Amino acid sequence: MRIKERCKVRTVAGEHLLLLQGVRGLQATRIIILNDTGDWLFNKAKGFSFTLKELVNEMIDHYDVDFSTANQDVERWVDQLRSIGAIEE
Amino acid sequence: MKIQYYQIADINLAMPLDEDLFPKKLKRSFEPFLVDSSRNTDRVLKVTFSKKTLQKPSFSVPCYLEEIYPFCTWFGTSSLLSDRMKVEPDEDDQKMDYCYYSHHSSNDMAVCCILDLNADEAEIVVWGEEKQEPCYCQLISMALWAAFGTWALKYNRLFLHSSVTVVGGKAILFLGESGTGKSTQSRLWQKYIPRSWLLNDDSPMIFVEPGENADNHKVDVLVYGTPWSGKTSCYHSIGVPIASIVRLTQGATNQVTSLNAVNAFAALQPSVPPMLNSDEKLTDYVCNILSDLISEVDCNHMVCTPDREAVICLQQKIL
């Protein structure tokens with residue numbers, strides 16, 4: 001899977017907001033707020049094709065977390081991005 | 001040809017005074033913004049009109065498309081234009097052209113506006129002969145609105161679709177989906193609150209002083225009247241400090257809720273001209289302006305009724 005090209009995180013009032021513009025002005029823009037870890041994952045994944053396992057390993061390397069916590073976090077992060085249509089399979 | 005200067009939101013629009021191309025009806029809405037040209041040499045968008053006989057543009061890649069009867073409107077960068085428009089490919093990466101194109105669905109009237117964001121220049125090409133027709137005026141007005149609204153982002157200015165009422169020298173902006181009652185709430189304030197008046201009923205422009213400001217430095221946040229005010233003839237060349245921004249939803253009772261920064265962003269973002277969200281560079285400008293705006297201004301959501309109760313309820317909350 002990969003993050004869609006037109007997804008970008010922007011800092012608004014100190015928060016990391018992921019905006020996905022509606023298609024050709026017909027749909028409302030969808031917004032999710034990322035915490036610092038979510039933003040870190042976004043920057044790791046953006047521009048690449050990735051699997052859940054790869055991201056979990058990246059997370060374990062960077063943060064002091066065990067496999068099951070990292071796995072849970074990455075899954076939740078992917079679900080959230082998927083819910084606003086930010087992921088292409 | 002004589003060039004007229006118009007000062008809108010403290011930045012300038014320069015246009016030739018051409019009776020043939022600039023409709024009389026439109027002149028009335030621009031007149032309050034006329035200024036002496038000798039004072040204005042910087043921050044000027046130079047607009048030219050042409051009657052070139054070129055083919056109408058076609059957009060090969062979907063960009064922004066809006067179909068609001070009777071107009072069909074496209075907006076995008078020049079790379080999205082087919083070569084039929086004869087826009088030369090960018091030799092210099094710094095060059096940034098935006099193209100706005102709108103045509104009437106039942107006659108052959110159309111307008112195209114090419115904006116060179118870095119050169120501060122816009123060229124408007126028109127098709128159609130009936131210069132004083134209402135839809136011709138509307139097409140020109142929309143092209144100028146699109147060009148000026150896009151260019152103004154460079155100077156931290158942003159059109160925000162709203163109705164603006166001024167009370168005691170401070171402005172309240174009513175935002176909401178079409179038909180929610182923005183103008184109705186404005187009118188109710190003018191009816192029930194003495195000395196309140198309408199600044200603009202459709203497309204005011206906001207300005208936020210940019211940059212990182214020290215805590216004790218009061219940042220300027222203003223809303224300006226513009227020549228674009230929807231169906232209401234209300235054209236004031238003045239900037240007013242913003243007291244509050246209120247997003248409206250219709251309801252059976254009245255209730256005002258303060259919005260935190262993220263919810264304020266979500267409340268304001270749908271009122272930004274949608275074409276400005278169709279391009280990454282423009283969206284960056286928009287997000288920066290909104291971010292500065294919501295850090296400085298009180299933003300609320302209001303469920304409201306179309307009567308005096310709504311005015312009293314909001315007045316108690318924000319004034």
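Residues are numbered from 1 along each chain as its sequence is written, and chains are lettered from A in the order in which they are written. Because the model is predicted, local features need pLDDT of at least 70, side-chain atom pairs count only at pLDDT 80 or more, and totals for chains, interfaces and linings use all residues; side-chain values use heavy atoms, with hydrogens and water left out.

**Chain A, whole**

Select chain A. It holds three helices and five strands (DSSP runs numbered from the N terminus: helices are H or I of at least four residues, strands E of at least two). From the N terminus the order is β-β-β-β-α-α-α-β. The C-alpha trace of chain A spans about 40 × 30 × 20 Å along its principal axes. Of the 89 residues in chain A, 37% are buried (under 20% relative accessible area with a 1.4 Å probe, protein chains only; exposed is over 50%, and partly exposed lies in between).

**The sheet of chain A**

Select residues 8-12 and 15-20 of chain A, which are β2(A) and β3(A). These strands pair in the antiparallel sense over five bridges (pairing takes at least two bridges found by DSSP). Lys8(A) has Leu19(A) as its bridge partner, and Val9(A) stands opposite Leu18(A). Two residues separate the strands of this hairpin, and Ala13(A) in the turn has a positive phi of about 50°.

The open antiparallel sheet now reads β2-β3-β4. From one strand to the next, the twist averages 35°.

Next select helix α1(A), residues 36-45, which packs on this sheet and touches β2, β3 and β4 of chain A (contact means heavy atoms within 4.5 Å). The direction of α1(A) makes about 110° with that of β4(A) (axes are lines fitted to C-alpha atoms, for helices over the stretch in contact, and angles run from 0 to 180 degrees between N-to-C directions). Then select residues 280-296 of chain B: this helix, α5(B), also packs on the sheet, touching β2 and β3 of chain A at about 25° to the direction of β2(A).

**Chain B, whole**

Now select chain B, with six helices and 18 strands. Buried residues make up 55% of its 319 residues. Of the contacts in chain B with a separation of 6 or more, 68% are between residues 24 or more positions apart.

**The nine-stranded sheet**

Trace the open, mixed sheet of chain B in the order β3-β1-β2-β4-β9-β8-β7-β6-β5. The edges are β3(B) (34-35) and β5(B) (64-68); each has a single partner strand, so one side of each is left without a neighbour in the sheet.

**Helix α6 of chain B**

Finish with residues 308-318 of chain B. Which residues of α6(B) are buried? They are Ala310(B), Val311(B), Cys313(B), Leu314(B) and Ile318(B). These residues cover an arc of only 165° around the axis, which puts them on the same side of α6(B) (the arc is that of the directions from the helix axis to the C-beta atoms). They pack against β12 (170-175), α3 (182-192), β16 (239-250), β17 (255-258) and β18 (298-304) of chain B. Exposed Glu309(B) and Gln316(B) lie on the face turned away from the buried side.
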